[in-house]
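Student: I have a model open and want to know what the labels on it rest on. Can we go through them one by one?

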Amino acid sequence: MSSIFNGRSLALACVAASLTLVAACQSGRPAAPAASSAALPTMERVALGASGCWFKSGDAAFTAYRLAPELNSFSGRPRILIVPRKSPESRPLAVVEAEGQPARLQAFGPLMSEPVGTRIAADVRRWAAGGKGCS
């Protein structure tokens, strides 16, 4: 009789331990992946935002321009260029580049001193921080 009692006790102890382990592994909700702060992933987010919000959307402020992403940079400074639509080989009107971990962003060029430059800077900061959507 004592061996049956010991067997049941052992089985109940195993079930209780299993339930405790399963409960410990459960979480309320999955953790959201953090946006990477390295230069390349940051500039990839910026390039996707710029492409969708400024150019593919047909935004009137950007109809005279074209996006030229240069994300595969051997210098460690991935960047996007905003160039004239009808002359993409000419000098960029705006350059947004990132470098390092965490990424340090720079935006420069003649377009940055135009009224649209304020919007470019605000959008780039938002996308670099992991934000989505258009302004």
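Tutor: Along the sequence the pattern is α-α-β-β-β-β-α. That is 3 helices and 4 strands.

Student: What should I know about the source of the model?

Tutor: The model is predicted; local features need pLDDT of at least 70, side-chain atom pairs count only at pLDDT 80 or more, and totals for chains, interfaces and linings use all residues. Residues are numbered from 1 along each chain as its sequence is written, and side-chain values use heavy atoms, with hydrogens and water left out.

Student: How confident is the predictor, in terms of mean pLDDT?

Tutor: pLDDT is the predictor's confidence in each residue, from 0 to 100. The mean for the protein is 82, and 74% of its residues reach 70 or more. Contact means heavy atoms within 4.5 Å.

Student: How does the span of helix 2 compare with the expected one?

Tutor: The expected span is 1.5 Å times one less than the number of residues. Helix 2 (residues 39-56) has 18 residues and reaches 24 Å from its first C-alpha to its last, close to the expected 26 Å.

Student: Where is the kink in helix 2 centred?

Tutor: On Ala50, with a kink of about 25°. The bend at a residue is the angle between axes fitted to the seven residues ending there and the seven starting there. Just after helix 2, Gly58 takes a positive phi of about 80°.

Student: What covers the buried residues of helix 2?

Tutor: The cover includes strand 1 (65-70), strand 2 (79-84), strand 3 (94-99), strand 4 (104-108) and helix 3 (115-128). Among the buried residues of helix 2 are Met43, Val46, Ala50 and Trp54.

Student: What makes a group of residues a nonpolar core?

Tutor: The members are buried Ala, Val, Leu, Ile, Met, Phe, Trp, Tyr and Cys residues, joined through side-chain atoms within 4.5 Å. The largest such core has 23 residues; Val46, Trp54, Phe62, Ile80, Ile82 and Ile120 touch the most other members. Helix 2 gives the largest share, 8 residues.

Student: Why is the pair of Trp54 and Phe55 given its label?

Tutor: Rings of Phe, Tyr and Trp (its six-membered ring) pair if their centres lie within 6.5 Å; planes under 30 degrees apart count as stacked, over 60 as edge-to-face and the rest as tilted. Trp54 and Phe55 are 6.4 Å centre to centre, with 70° between the planes: an edge-to-face pair. Ring pairs link Trp54, Phe55, Phe62, Tyr65 and Trp127 into a cluster.

Definitions and conventions:
Helix = DSSP H or I, 4+ residues; strand = E, 2+ residues; numbered from the N terminus. Buried < 20%, exposed > 50% of the residue type's maximum accessible area, 1.4 Å probe, protein only.
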